[in-house]
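Biologist: Could you take me through how the terms for this structure are applied? I would like each label set against its cut-off.

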Amino acid sequence: MAPPKILGNTALDGFDVLVIGSGAGGAPIADLFTRHGKKVLVIEAGANHFDNLDQKDRLVARYANDEVGMSSRGLIHTQSYVEPRTFRKNASAGERTFVGDVNGLPKTLGGGTVHADLKMPRFMRDDFHLGTLLKDDPLAAGAAFADWPVDYDRLEPFYAYVEKALGIQGARGSDPFASPMSTEYPMPPGAKMYVAERIEGGAKKLGYTVFPYPAAVNSRTYDGRPACVDCGFCSGFGCPSNAKGSTAVTMLRRALLTGRCQIHTETKVVKLLVNDAKTRIDGVECLGPDGKPVRFTASQYVLAASPIEDARIALLSGVSNANDMIGRCLTFHYQTIAIGIFEERVHGHRGKAVSHGFSDFRGKPRDPNKPLGGIVEISGGSGPVEEASFYARILKQLSPRFDGMRFKRLMQQSPGRDRITALVMQAEDAPQTKNRVDLDPAVKDLDGVPAARITFENHPFELRASEVYGPKLLALLGASGAKYGFIAPADEIATSAHVMGTLRMGVDPKTSVCNPDGRFHAVENLWASDGALFPTSSGFNPTHTIVALACHVAGSMLFPGSPERAIAP
Amino acid sequence: MSARDSRPLAASVDGVSRRTVLRMLGAAAAARGVVACDGSDDAAPRSPGFFTEAERAAVGAFANVILPPEPGKPGGAELGAVAFIERLLTAFDVTPPAIYADGPYSGRFPLPDGRGGASGAFPPNDLARYRAIDRVTERWWRIALYGSKVAGAVNDGIVPEVVGLRDLFKNGIAKAVAGAKAPLASMPYDALRDEFDALDPELREAFIELVPQAAFGVPEYGGNPGGAGWSMVHVDGDVMPIGNALFDERTNAYYERSDAPIVRANPGADPDPMDQGTRDILAAVVAFTDGKVF
């Protein structure tokens, strides 16, 4: 039997809040609103792949160690032919240069937290003040760096709440660059991967400090969910055992079990219904699972569908945009990926995708020798189907004729899976007002709704970080005993799943879309609660900060001026 | 994490492996037997077959271009590429369509015992049935398989027409069979490779993409019989629910599988060391990317 499309208390009405999106930004709203006795309606465009998420017992994730279903056929991916996005580097490139998948995030109940391996470092204290710290920095010329209207100390208790709510493993104090934490992680680190052991050996020689990567993955039985057994199908896969603390099996589930939450899946928001004065939202117009129109109403509305979709929905709806800031300052992370191949098998495909990392390349504001890179993930290999694609691409580059025998030998000898590591450095993307989301003038989805168009070009700021740290990553591979090392060529169209900006928060409506609490400046009952609010991208995986900030938004909605009351024990 | 060589875990894990092999052989037999029903919730009778016997032989021959057969090392045909491709092309002959296997477990590996070992119990094979898909996903797969002219184009005039995989294979294979100087399946490798190179480029790409999926994906899609593809490339496969780390709930301790460690180096000799051909390719990649050989 297929999992239900509507979850929770189906008798509810008169909702206090309607949340668009059920991932890292939406689930915390549902969690905290229901915790405080409010009624919540969640609208999710993707499908539900859980049994009994809204029941106390017998929770089952219908996700498997299935590369064909998840990776090749994209079970929870947006199918980009029928729901395309378009891309161009800049306005002078024409209306678009590409139609298809542009920074697509998973579309499913639980959003991107289902497929991610949920690496959850916090941002650093300085990350919230780059407008000030990079003022007059010549490398940042032309960029739109801004201070966050909330800082690390304001968010710290929310970070701590999320660490317990999702169940994050880690070792406080192990990252020498991390900002202070008021509490311990609720679980110690899990198994260290052999490939991380090898890289740590090189890092010690070069003076870098490798630490266990904080991750929302159980290393103990926690919150009724089992410990991770390191199946290796983590990044890009739903967790079969629910050891991974996606927002679906943690916050959404808690919200559902209160009896005050209802979730509609396979339901796509077409537009917000804005009043004539453009000061309020009166409802949302959707297409239900059968494609037929359906409307929902609530007292307050929250956009949490990820930054590109948030901006698209706001623009489709005609939300007040007097300063033309909706969709602007889109950022990703400019990732520099150093591939190392060892002579021996280092079996990085066993275990979580990443068990360790280091922060030595985060850099320092205004230090030309230490540009703002980011945390480095020590990654392992993939599964054999993805490995095969890797070899096929290489072989096609080397010869127009497919060399089947060599392909077979590569699969057997496995340099690209069993002997590989990837050192993935995140890096601060300089926000630029010209990098934006708007509506494509002609391309539409299968329902005739205009597609999001992404205009994006990298700034020398992040390219410089890659130039500086790329050779250092290669040197680390050499020091760790790798035989071959190279920097993976950057994709012309960013493929990072770290998507931020578009509804940036700030004090000044001329340079921001939402106020410091996350509410649209010009709309009294519309809020945003995901990475869209980020004024800057930092150099760390954004999910932890997305969830913590969403909790802060929920707190601001529930207890204006005292958001911390929402997470009080 | 501790190594458990001092405990009788090695025997336990080896025991798991033996049962796993038996299970996988069983799964392969089941996979062959369920072509008629696929174990799906509401399986309709399958069509008699998308390809003719001659076309099926040709698809198998071309699959062997991607993964050539050798003594003791199966090729693409033996690894189930024909069944895999045919099942995909006829996915909508059953309900739910044969596109996404369900989950979470295949039953090839056992449940953990909670004490850092494997229990004797195996979960049922959830992957043997397909899962229902939403209307957006269905629309895409109908376009992918039947083409945008039949299933309805989106953004016609802006993006190119999608030629359905069914037409791509049916027409391309029929043309190859008709034009071949000899039966494709009996051709020597070099001659077969020439025939492969003469295929429509899109069809060649489809083979390059689908044959490895068949060979190394979970067997429930019709390929990788008995996990033979995984064995050939030294992959355990879908290891859940036992996983690679063994967890003792009583002591909160993790233990390594001695045959497949996480923290330590693999035991024993490398089953397939890199040869000069692989090194040459890696050297070429390094040269192309301005990397380094250390």
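Modeller: Happy to; what follows goes from the ground rules to the contact between the chains, then to single residues.

Modeller: This is a predicted model, in which local features need pLDDT of at least 70 and side-chain atom pairs count only at pLDDT 80 or more, while totals for chains, interfaces and linings use all residues. Residues are numbered from 1 along each chain as its sequence is written, chains are lettered from A and ligands numbered from 1 in the order in which they are written, and side-chain values use heavy atoms, with hydrogens and water left out.

Biologist: How many residues of chain A and chain B take part in the contact?

Modeller: Chain A brings 97 residues and chain B brings 100 residues, where contact means heavy atoms within 4.5 Å. By class, the chain A side that touches chain B has 49 nonpolar, 21 polar and 27 charged residues. Here Ala, Val, Leu, Ile, Met, Phe, Trp, Tyr, Cys and Pro count as nonpolar, Asp, Glu, Lys and Arg as charged, and the others, Gly among them, as polar.

Biologist: What is the area buried between chain A and chain B?

Modeller: About 8,100 Å², with carbon and sulfur atoms giving 59%. Buried area is the accessible area (1.4 Å probe) that two parts lose on being put together, summed over both. In chain A, the residues that lose the most area to chain B are A:Arg73, A:Tyr81 and A:Tyr484, together 11% of what that side buries.

Biologist: What makes B:Asp197 and A:Arg401 a salt bridge?

Modeller: The term asks for a side-chain nitrogen of Lys or Arg within 4 Å of a carboxyl oxygen of Asp or Glu. For B:Asp197 and A:Arg401 the closest N and O atoms are 2.4 Å apart, so the pair qualifies. The count between chain A and chain B is 11 salt bridges, and the search over all chains finds 59.

Biologist: And A:Arg62 with B:Asp102: are they buried or exposed?

Modeller: Both are buried, a word that means under 20% relative accessible area, with exposed over 50% and partly exposed in between (1.4 Å probe, protein chains only). Their closest N and O atoms are 2.5 Å apart, which makes them a salt bridge as well.

Biologist: Why is B:Glu53 called exposed?

Modeller: B:Glu53 has 58% relative accessibility, so it counts as exposed. Its side chain meets that of B:Arg56 in a salt bridge (2.5 Å, N to O). Because B:Glu53 and B:Arg56 are three residues apart in helix H2 (residues 53-66) of chain B, about one helical turn separates them. Helices (H or I, at least four residues) and strands (E, at least two) are DSSP runs, numbered from the N terminus.

Biologist: Why is A:Gly501 called buried?

Modeller: Its relative accessibility is 0%, so A:Gly501 counts as buried. A:Gly501 is found in strand S22 (residues 500-502) of chain A. Beyond neighbours within four places in sequence, its contacts include A:Pro307, A:Arg328 and A:Phe534.

Biologist: How do you know that S21(A) pairs with strand S4 (residues 292-293) of chain B?

Modeller: Two strands pair if DSSP finds at least two bridges between them. Two bridges join S21(A) to S4(B), so they pair, and they run antiparallel. Within S4(B), B:Lys292 stands opposite A:Gly485.
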